[in-house]
Each structure stands twice: as C-alpha cells, then as structure tokens.
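Here are my notes on the model you sent over. Have a look at it first, then read on.

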Amino acid sequence: MSSSLFRRETARHLRELTGPILDHYLAGRMSWLSAHMRPNPGDVQSTLDKLASAVELNDPAIYQEYARNYVDHLLEGGAPPVAILAASSLFEDAVLSCVTDDQRPLIAAVLSLVERERAQLLSDRVRQGLSA
C-alpha cells in the first residue's frame, strides 16, 4: 500500500506529464484511428486529471466512472468499439511509459481495473448491436 505522500506526488507528476503523454500518444496513433476519432488535447488533460485524482485519493472509482462516461460518449458519437479499445490501449501505454518505475505499479493498478470494465462494456455493446 502506498503512502498518501507518494500518491500525492505521483498525482502531481501525472498532471505535469500532459505534454509528453500527449506527444507519445499522438506519435503512436495509427492513421486508421484518426478516421474514427480525433485526439483532443483537452480530453487528454481531463483524463489525466481524473486518473491523477483517483491515484491521489486512492479511489479508483473516480477514474472508472469518468472512463465509463467517456466510452459512452464516444459510442454515442459513433466511434467503433475497436477504435475505442485501440485508442485506450495506446493512451495507457503512453501514460505508463512516461511515469517512473516506482510510480508505474500504482498507476497500472487503476488502469487495469478500467481496462477490464471497458472491455466488458464494449463487448456488451457489440452483442447488443448484433442482436438488434
């Protein structure tokens, strides 16, 4: 279990990394992804802020709720589930590649909870679409 000081410093560091994370994310995006979803720096900043808050407060539900709502927003806007999964995976890789080795397990724990939930949500949506 991480101390509150370590969680607070990790959150602060995450918020400072918006530029490098965005650069890493954009550099890794496949061209086909932009046909379905355009990256928005404001969305990246909001996502990192929610992730940082979840880490700082030791409350993954903060990020889970935000991610769930964002996925719903993307689906309602017509983004295909595969594009959401690809963009999410790329974003998570960018975050984990930009943080320090000692911060990585703390952040990865929050991201993995959301990743499983996102995959289930998208799987359910695809099944609903196929049965409609």
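1. Ground rules. This is a predicted model, where local features need pLDDT of at least 70 and side-chain atom pairs count only at pLDDT 80 or more, while totals for chains, interfaces and linings use all residues. Residues are numbered from 1 along each chain as its sequence is written, and side-chain values use heavy atoms, with hydrogens and water left out.

2. The cavity. I get one cavity of 30 Å³ or more, and the largest cavity holds about 50 Å³ of space. (Cavity: on a 1 Å grid over the protein atoms alone, a set of points where a 1.4 Å probe fits but cannot get out; lining residues have an atom within 4 Å of a point. Points are joined across faces, edges and corners, and the volume is the space filled by probe spheres set on them.)

3. The elements giving two or more residues to the lining of the largest cavity are α5 (60-76) and α7 (104-131); helices here are DSSP runs of H or I, at least four residues, numbered from the N terminus. Among the lining residues are Gln64, Arg68, Glu117 and Arg118. The lining divides into four nonpolar, one polar and three charged residues. (Nonpolar is Ala, Val, Leu, Ile, Met, Phe, Trp, Tyr, Cys and Pro; charged is Asp, Glu, Lys and Arg; the others, Gly among them, are polar.)

4. The pocket. The largest pocket has about 450 Å³ of space. (Pocket: an open set of points with protein on both sides within 12 Å along at least five of seven lines.) It is lined by 26 residues, with Tyr25, Met37, Tyr70, Leu74 and Ala87 nearest its centre. Helix α5 gives the largest share of that lining, seven residues. By type, the pocket lining splits into 14 nonpolar, seven polar and five charged.

5. Glu92. This residue lies in helix α6. Why does Glu92 count as buried? Because its relative accessibility is 7%, and buried means under 20% relative accessible area with a 1.4 Å probe, protein chains only. Its side chain makes a polar contact with the side chain of Arg118 at 3.1 Å (N or O atoms within 3.5 Å, one able to donate a hydrogen and the other to accept it). Arg118 also lines the largest cavity. Leaving aside neighbours within four places in sequence, Glu92 is in contact (heavy atoms within 4.5 Å) with Leu111, Glu115 and Arg118.

6. Asn58. Worth a look: Asn58 has phi near 55°, a positive value in a residue other than glycine. Asn58 sits in the loop between α4 and α5.

Technical notes. Buried means under 20% relative accessible area, exposed over 50%, partly exposed in between (1.4 Å probe, protein chains only).
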